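The exercises below are to be worked through with the sequence and the 3D structure at hand. Each task is followed by its solution in steps.

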Amino acid sequence: MIKKFFLVAVIFLFYTCSSSSDDSPEKKKEDSFDREAVLVNVADNIIIPALEDLSQKLVALKTNKDAFIATPDQTNLDALRSSWLSAYEVWQHVEMFNIGKAEEILYSFQMNIYPVSITDVEANIDSGSYDLTHVNNNDAVGFPAVDYLLYGVAADDAAILVKYEDVKYKNYLSDVVNQMDALTDEVINDWTTSYRDTFISSTSNTASSAYNKLVNDFIFYYEKGLRANKVGTPAGNFSANPLPDRVEAFYNNEVSKTLTLEALTAAENFFNGNAYNSSSTGESYVTHLKSLDNSALESLINTQFSGAREKINELENSFSNQINTDNTKMTQAYDALQLNVVSLKVDMLQAFNVSVDYVDADGD
Amino acid sequence: MFFTENMKLNYSKYLEKKASGASLAVFRIGFGIMMCISIIRFWSKGWIDTLYVSPTFHFKYFGFEWVKALGTYTYVLFLICGFSAFLVALGYKYRIAIIVFFLSFTYIELIDKSTYLNHYYFVSIASFLMIFLPANAYFSIDAVKRKKEYLYVPKWTIDAIKLLLGIVYFYAGLAKINSDWLFKAMPLKIWLPSKYDIPVLGTTLMQENWFHYAMSWSGMIYDLCIPFLLLCKKTRNIAFVLVVVFHLFTRILFPIGMFPYIMIVGSIIFFDASLHQKIIDFVSRTFNPFKRKWDLVTRKQTAVKPVKKLAFYTVVVFFAIQLLFPWRYLAYPGELFWTEEGYRFSWRVMLMEKMGVANFKIVDAKTNKFFYVDNSDFLTPLQEKQMSFQPDFILEYAHFLGNHFKKQGHKNIQVFVDSYVALNGRLSQPFIDKSVNLYQEKESFKHKKWIVPFNDEIKGL
């Protein structure tokens, strides 16, 4: 008798499945949103071009580094510094994509963990033997390490040049830069050879799908990498006192604003689906929200991006100077950035109803 | 006068009515086995560790702050719980087994309210009810041991289980009578389209606007009617098919674990005793090594298994509470879905898509210096998620933070929260008054005045 019931139940279930397709009236916007189109746009017009640009900038950095090591003079130092900054700016467009090979090899942990640990860097230089990929060296490599090596190893430029008479400093600078370039190549090769296809077809609503991970990565980056690391932490939002030495590119001390604005642009471009190196626009979270009839949220988020930009524009080029002179402006910028944490993390996630990657338990 | 006499007569007649012990036995075995599987499943998924052992902080139910996690001994607790469920299924030392099960299971649930689920609550109260029912009268090891098997039990003991199941469905149906559910098809309008992965249905039905409404309305009607359809002999078969279809459907759509199976197995109680007897016969044939009917008890008692009057009165009081408790929300001002004052323990299932963020600010009242808290330093992702949109969690956590930083040597501590919550697809709005020092506020059953009022209206029950 029980068996019969189950049989009937299963038949009923199949019946509901098969009878669905004929009698739906209009099919226009009711079809499921094309998530693959977003992933294609993000991969082809944002991630891969940004990585390629970064790779080019790092090659330039390498060339200038080689010239500097061969002849450590002021001209070569200036050239090296400027190529470091161009690469650092492009990096802001890459950091949020902690997915695929980047996630596997902990790419961003080896590229931009700051504050740099001077102790670790100097210890490495001194010993001359080190494993730059080791997790303990995450705060002794990447852009922040180069920042220190080019601006912080001595009090002024003349003294810095003197430092590079020592082959140990030359070697460490060289190894760090080469490592950054090698890591970037590894990530980019994976994208162009195989990962792109995996990425664009991974659209299911599961915790491990590329679409869902990308949303989570983006929000995590905005909240942590951008809002907290670049602005909140140095402004003292998470500590008893401000920590001006925690700003990005502290030893250069003139570009923390530039880098933050660049990162904000990257976040905005990603959200809107703007291509990295052209003015074209493709499928994105904006079109996804529109397909859900939620243009109100889309325009709110963009308004809040602009609001945050205005507040950041009011800051000095050097965030550490800003913190020391008038930290309230810094915390205002943080508050402006915080608004979109709410809109992205609560409203957008609810609208997409993405399965989040970290909560594993039964629901009601 | 005549009427009350008649009532009294009916009442005592009802108490004397008898029913087959097989019905209770089937429920007992089904319940025991489902619980045993639930515990094993929970264990195998590693949730004992992630939910109870590794978190350093647990959210407590008001009045049950004394319930503590037991560290690695929590595994022992689960072992006891699973084992007692097994004994319940066997009907061995039934009364002690079901009491131990009720206590251990409820203790586990009380450890942390961020794991609250309606179906865990159902298990707790169902096992409590079963303490007072003679579920070991028939087809149990107890019967074998006492060499006495009762063929009959008082009818009310079976009706009690039916009533409990009926309350769960009916109240779940009542809760669906609100404007969000019926006229906005919320939150199904958010949830169903996100199931685009499901073969065939995912990109078709799940995306259809009319389907969201159809599911909302039929879900409401289903919940309200199903107890009566199951009770009525004519409609019982089709009702059971509906139960199976409905629960399997929800199983496909939502991560609700064992609940659908528990409800399907539980609903078997509504059938006639003859079916229950067949199930018992089937079980006894299957598990008897000699492939004969398991008939170890020669002394069959045609008398009804006696049940103490006190047990009956306890069950009456139990149901009075069950019927009234879900209405306690009426005593609170404000929107129930927003404040959640009186939301739990009321069979409000799958009614809300609610998300929030809560940023806690620790302020030194003298110097006005402040800093924000990184919630992931103290809470698991599940705890943070639950905390972010439930006021009682927010208050408890604020106190925890205040105490924590006091211990660290901070002075003049004030705790504020900047929080936003989005409910059923509405744009997020401020949730807690951010000018209120939560460290000063006390938990109570009174209305929490520091919840910012909901700026919309949800009509209905």
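How many residues of chain A are in contact with how many residues of chain B? The model is a predicted one, in which local features need pLDDT of at least 70 and side-chain atom pairs count only at pLDDT 80 or more, while totals for chains, interfaces and linings use all residues. Residues are numbered from 1 along each chain as its sequence is written, chains are lettered from A in the order in which they are written, and side-chain values use heavy atoms, without hydrogens and water.

**Exercise 1. Describe the interface.**

Step 1. Contact means heavy atoms within 4.5 Å. By this rule, 49 residues of chain A are in contact with 56 residues of chain B.

Step 2. Buried area is the accessible area (1.4 Å probe) that two parts lose on being put together, summed over both. Between chain A and chain B it is about 4700 Å², and carbon and sulfur atoms give 62% of that area.

Step 3. A polar contact is a pair of N or O atoms within 3.5 Å; within protein, one must be able to donate a hydrogen and the other to accept it, and residues adjacent in sequence count only if both atoms are side-chain atoms. Between chain A and chain B, 13 residue pairs are in polar contact, both residues being at pLDDT 80 or more.

Step 4. Helices (H or I, at least four residues) are DSSP runs, numbered from the N terminus. On the side of chain A that touches chain B, two or more residues each come from helix H1 (2-18), helix H12 (295-313) and helix H14 (327-352) of chain A. The largest share, ten residues, is that of H14(A).

**Exercise 2. Find the nonpolar cores.**

Step 1. A nonpolar core is a set of buried Ala, Val, Leu, Ile, Met, Phe, Trp, Tyr and Cys residues joined through side-chain atoms within 4.5 Å. Buried means under 20% relative accessible area, exposed over 50%, and partly exposed in between (1.4 Å probe, protein chains only).

Step 2. The largest core has 114 residues, and A:Tyr107, A:Phe199, A:Phe218 and A:Met348 have the most contacts inside it. A second, separate core of 90 residues includes B:Phe122, B:Ala160, B:Phe271 and B:Phe318.

**Exercise 3. Is B:Asp223 buried or exposed, and which side chain does its own side chain meet in a polar contact?**

Step 1. B:Asp223 belongs to helix H11 (residues 209-231) of chain B.

Step 2. B:Asp223 counts as buried because its relative accessibility is 4%.

Step 3. Its side chain makes a polar contact with the side chain of B:Lys176, at 2.6 Å. Not counting residues up to four places away in sequence, B:Asp223 touches B:Lys176 and others, including B:Tyr169 and B:Phe170.
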